[in-house]
Amino acid sequence: MEEINLPTPIEPIVFRGHNFYLKRDDLISHDFSGNKARKLHYYLVNDFPHIKKLVSYGSNQSNAMYSMSVLAKLRGWKFTYYTDHLSEYLKINPHGNYAKALENGMKISCHSEFISESKNKEILKQVQYDDGTLFINEGGRDKEADFGLEIMAKEIIDWQVASSIQRLNIFLPSGTGTTALFLQKYLKEHGIKVYTTPCVGDAAYLVQQFSLLEEDTSLYPTIVNPPKKWHFGKLYKEHYKIWLELQKSTEITFDLLYDPIGWQVLMANLEKLDGAILYVHQGGLLGNESMLPRYERRFKDGNEDN
Ligand SMILES: *Cc1c(COP(=O)(O)O)cnc(C)c1O
């Protein structure tokens, strides 16, 4: 079975003259990295003798889709992934997470009507009630994510104790909010506060996502709002700029979808966080393969939008 390297290291970094610690979950493994490895950890190490097939759904370039394709391959399961659209361009020129997931044997099932909630449920109900099928929600928003994130929380506590850090704050950008939620749940009793920012919807959407996993609102992470409305997956010059700046000053490659938002929001709210700050690198670098060429075409020196 695939090596997963735990605990992941925590390194000090300096950005714009400020000190941070960085949890390097991008180093978990080559194929199975970031928070998707944490969220799927449960399915990697437990036995599922009757399962023959994994089913999930979501966007056609998602990190979760790719990680599930790795999981299915490692476990010898079939993998069917439902999505609402697939461009002609992507069909003819598979790249990024989509290409790698196909290489791992993913079967893609495209339903243009899939975006509608009721239709969604209808399709998924059929697969969910089949005994040999394991169903995982979009983005790995799943109760079982609890397993891997409790392990991660323990790693953070052990490190905090070993390095005698008194006051600790965690910051990480959210999609479904699963990672931030479970971290806060396990770190609260240790006095560690988890801050996050919504990258996919707004704060209300994120709270709603939390509520699907946890009823006790006292365990929710603290949400910090982005300074303006960004549409998920769209290209913004300020995102590209901070990503390049991070790479230059830390020599670490961050993800291009979530981290530019995470770092912009964090830098704008430093005064709210009292104590040391640990930023979680949640992996997702394979997704850069499709994002970076888009950014370069649009904003590289000399291009008109620059
Ligand atoms: C999936 C992902 C996120 C969002 O994680 P959630 O648990 O859905 O909030 C953030 N960063 C990266 C790199 C991801 O792949």
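In the predicted model, helix 1 (residues 34-45) and helix 6 (residues 145-162) have axes that come within 6 Å and cross at roughly 115 degrees; axes are lines fitted to C-alpha atoms over the stretch in contact, with angles running from 0 to 180 degrees between N-to-C directions. Helix 1 is therefore roughly perpendicular to helix 6 (angles of 65 to 115 degrees). Helices are DSSP runs (H or I, at least four residues), numbered from the N terminus. Residues are numbered from 1 along each chain. Because the model is predicted, local features need pLDDT of at least 70 and side-chain atom pairs count only at pLDDT 80 or more, whereas totals for chains, interfaces and linings use all residues, and side-chain values use heavy atoms, without hydrogens and water.

In the contact (heavy atoms within 4.5 Å), R38, K39, H41, Y42 and V45 of helix 1 meet A145, F147, G148, L149, I151, M152 and E155 of helix 6.

A second pair is formed by helix 9 (residues 237-250) and helix 11 (residues 288-299), whose axes come within 11 Å and cross at roughly 110 degrees. Helix 9 is thus roughly perpendicular to helix 11. Helix 9 contributes K237, H239, Y240 and W243 to the contact, and helix 11 contributes N288, L292, Y295, E296 and F299.

The ligand is surrounded by 16 residues (a heavy atom within 4 Å), the closest being K36, K39, N63, T176 and T179. Polar contacts are pairs of N or O atoms within 3.5 Å. An N or O atom in the side chain of N63 is 2.6 Å from a ligand oxygen atom, and a polar side-chain atom of T176 lies 2.6 Å from an oxygen atom of the ligand. For G177, a backbone N or O atom lies 2.8 Å from a ligand oxygen atom.

Conventions. Helices (H or I, at least four residues) and strands (E, at least two) are DSSP runs, numbered from the N terminus. Angles under 35 degrees count as roughly parallel, over 145 as roughly antiparallel, 65 to 115 as roughly perpendicular and the rest as oblique. A polar contact is a pair of N or O atoms within 3.5 Å; within protein, one must be able to donate a hydrogen and the other to accept it, and residues adjacent in sequence count only if both atoms are side-chain atoms.
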